[in-house]
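Hi everyone, thanks for making time this morning. Let me put the model up on the screen, and then we can walk through it together.

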Amino acid sequence: MSLDDLVHLARETVEAAKAEERRAAPRRRGRRAEPSIQDPSTHPRTHVSLRVAAEFLGFNERTVAARTNEGKLRAERDGRVWRIAVMDLADYVERRRVAS
């Protein structure tokens, strides 16, 4: 094996390792991770994003947004972000449980 072949092989190995690192590393988009809701009464925050609310309810984010537009779920606007009170989520789940 020539020196050029070894250099080429080493570069390919390094590039493959870097590509694997990029795939394995979580993407960060400048937002802090928001804790998911296990039990609404013990959640560390008073309000959560639509994404976390959707995860808790088992809905898509668009479904949660539709429920807020219909007035079935209360939400507050915080700048450009919609926030839903954790206790409002618990009330919504309870109302759905009673209705079914």
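The buried residues of α2 pack against β1, α3, β3 and α4, where helices (DSSP runs of H or I, at least four residues) and strands (E, at least two) are numbered from the N terminus. Buried here means under 20% relative accessible area, exposed means over 50%, and partly exposed is in between, with a 1.4 Å probe and protein chains only. The buried ones in α2 are Leu 50, Val 52, Ala 53, Ala 54 and Leu 57.

Before I go on, a word on the source: this is a predicted model, in which local features need pLDDT of at least 70 and side-chain atom pairs count only at pLDDT 80 or more, while totals for chains, interfaces and linings use all residues. Residues are numbered from 1 along each chain as its sequence is written, and side-chain values use heavy atoms, with hydrogens and water left out.

Let's stay with Ala 54 for a moment, which sits in helix α2. Its relative accessibility is 4%, so Ala 54 counts as buried. What is Ala 54 in contact with, leaving aside its neighbours within four places in sequence? The partners are Phe 59, Asn 60, Glu 61 and Val 64, with contact meaning heavy atoms within 4.5 Å. Val 64 is ten residues from Ala 54 along the chain, and their C-alpha atoms are separated by 6.0 Å.

Three strands make an open sheet in the order β1-β3-β2, with antiparallel pairing; two strands pair if DSSP finds at least two bridges between them. At the edges are β1 (47-49) and β2 (76-78), each pairing on one side only. From one strand to the next, the twist averages 45°. As a reminder, strands of a sheet pair through backbone hydrogen bonds, either parallel or antiparallel.

Strand β3 covers residues 81-85 and is joined to β1 by three bridges. His 47 stands opposite Ala 85 of β3. Over on the other pairing, β2 and β3 are also antiparallel, again over three bridges, and Glu 76 has Arg 83 in β3 as its bridge partner. These two strands form a hairpin with two residues between them, and Gly 79 in that turn has a positive phi of about 70°.

What lies across β1 and β3? That is helix α2 (residues 50-57), running at about 90° to β1. For these angles, axes are lines fitted to C-alpha atoms, for helices over the stretch in contact, and angles run from 0 to 180 degrees between N-to-C directions. Helix α4 (residues 86-99) packs on the sheet as well, touching β1 and β3, and its direction makes about 65° with that of β3.

A geometry check on α4: at 1.5 Å a residue, its 14 residues should span 20 Å, and the end C-alpha atoms are 20 Å apart, which agrees. The expected span is 1.5 Å times one less than the number of residues. In α4, the buried residues are Val 86, Asp 88, Leu 89, Tyr 92 and Val 93. They cover an arc of only 160° around the axis, so they are on the same side of α4; the arc is that of the directions from the helix axis to the C-beta atoms. Their cover includes β1, α2, α3 (61-70) and β3.

To zoom out, the protein has four helices and three strands, in the pattern α-β-α-α-β-β-α along the sequence. Of its 100 residues, 21% count as buried. Among contacts with a separation of 6 or more, 41% come from residues 24 or more positions apart.
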